[in-house]
Amino acid sequence: MPPHSPSAAGVPDEGDERSVPPVRQALSESVYERIKAMVMDHEIAPGARVGIEALARTLKVSPTPVREALARLESDGLVVKRALSGYRATQLLTRQGLDELFEMRLLLEPRAAALAAVHATETQLDGIERIVEEMQAHPSPNERYASYRDFAALDQRFHEAIGQAAHRPLLADAVERLHAHLHIFRLSKVVGAWGPTVAEHERIVRAVLRRNPERAAEAMTEHLTRSLERQIEDGGDEPATP
């Protein structure tokens, strides 16, 4: 008789998502979103220490889901872990940092849009269209993260979907790793930017659907340039607090 594997014996394999009870998964997600909102709304100030025990008491949970949430937020670029001092919320972008972020985006994303116009599958085109339709239907958000969270997620999905449709894995990964939406929405909220952002996304999609790589790159460049201008107008040129 062959030896029993752990899973055959009823013990879940390591890393099997089924080994995590649904209640614990829901708790972990809830704690992650609550701490993320605190960072995005500056309830946890930029640069401030993020204490695990203190957060656990505030949220009335054990330290375990807080640690899990902070590990995810570190990968999001919203907190950093330092030796001997624990976690701290990341600083806001300075004007120089903002310029560098958009410099990177302007190098990557117009190229991604041009390639998407050539290589996107019909399924990918349908998916990109659906994201823009969801953004069009989204109510105009206010300044609280709870209000604009879904809009920010759609913005992220849109840019990442364009990157994926380019069929260049390294390019798509670079676009995703910038976490641009999080850094930008921490600087200024989407009030007043909702309408222009959706309209600019629509122009990008039209160019991609028409399989026009030159126009797709131009539309993405125009969108990113105007987005940077809106950030500067909203005070994104203020230096981060030391």
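Which side chains meet in a salt bridge at 3.6 Å, N to O? Select Glu134 and Arg157 and you have the pair. A salt bridge here is a side-chain nitrogen of Lys or Arg within 4 Å of a carboxyl oxygen of Asp or Glu.

Before going on, some ground rules. This is a predicted model, where local features need pLDDT of at least 70 and side-chain atom pairs count only at pLDDT 80 or more, while totals for chains, interfaces and linings use all residues. Residues are numbered from 1 along each chain as its sequence is written, and side-chain values use heavy atoms, with hydrogens and water left out.

**Stop 1: the whole chain**

Switch to cartoon and colour by secondary structure. The protein chain has ten helices and three strands; helices (H or I, at least four residues) and strands (E, at least two) are DSSP runs, numbered from the N terminus. Walking from the N terminus, you pass α-β-α-α-β-β-α-α-α-α-α-α-α. Now colour by accessibility: 43% of the 242 residues count as buried. Buried means under 20% relative accessible area, exposed means over 50%, and partly exposed is in between (1.4 Å probe, protein chains only). For contacts (heavy atoms within 4.5 Å), take the pairs at least 6 apart in sequence: 76% of them join residues at least 24 apart.

**Stop 2: the nonpolar core**

Next, select Ile35, Ile44, Val66, Leu70, Phe158 and Ile162, the residues with the most contacts inside the largest nonpolar core, which has 63 residues. Such a core is a set of buried Ala, Val, Leu, Ile, Met, Phe, Trp, Tyr and Cys residues joined through side-chain atoms within 4.5 Å. Helix 4 gives the most to this core, with nine residues.

Zoom in on Phe158. Skip its neighbours within four places in sequence, and Phe158 is in contact with Ile128, Ile131, Val132, His201, Ile204 and Val205.

**Stop 3: the salt bridges**

There are 15 salt bridges by the rule above. Go back to the opening pair, Glu134 and Arg157. This pair links distant parts of the chain, with Glu134 in helix 5 (residues 122-137) and Arg157 in helix 6, 23 residues apart. Glu134 is partly exposed at 38% relative accessible area, and Arg157 is partly exposed at 39%.

Now pick Arg72 and Glu29, whose side chains meet in a salt bridge at 2.9 Å, N to O. Arg72 sits in helix 3 (residues 63-76) and Glu29 in helix 1, so the pair ties together parts that are 43 residues apart in sequence. Arg72 is partly exposed, with a relative accessible area of 34%; for Glu29, also partly exposed, the value is 34%.

For a local example, show Arg177 and Asp173. Their closest N and O atoms are 2.7 Å apart, in another salt bridge. Both residues lie in helix 7, four residues apart, about one turn of the helix. Arg177 is exposed, with a relative accessible area of 61%, whereas Asp173 is partly exposed at 31%. Then select Arg203, Arg215, Glu218, Glu222 and Arg226: salt bridges that share partners join them into one network.

**Stop 4: the largest pocket**

On a 1 Å grid over the protein atoms alone, a cavity is a set of points where a 1.4 Å probe fits but cannot get out; a pocket is an open set with protein on both sides within 12 Å along at least five of seven lines; and lining residues have an atom within 4 Å of a point. Grid points are joined across faces, edges and corners, and a volume is the space filled by probe spheres set on the points.

About 170 Å³ of space lies in the largest pocket. Select its lining: Tyr32, Glu33, Lys36, Asp76, Tyr145, Arg149, Ala152, Ala153, Gln156, His179, His181 and Leu182. Helix 1 (22-40), helix 6 and helix 8 are the elements that give two or more residues, with helix 6 giving the most, five. By class, this lining has five nonpolar, three polar and four charged residues. Ala, Val, Leu, Ile, Met, Phe, Trp, Tyr, Cys and Pro count as nonpolar, Asp, Glu, Lys and Arg as charged, and the others, Gly among them, as polar.

**Stop 5**

A search of the whole structure finds two cavities of 30 Å³ or more. The second largest cavity has a volume of about 90 Å³. To see its lining, select Arg105, Glu109, Asp155, Gln156, His159, Glu160, Val175, Glu176, His179, Ala180 and His181. Helix 6 gives the most, with four. The lining of this cavity divides into two nonpolar, four polar and five charged residues.
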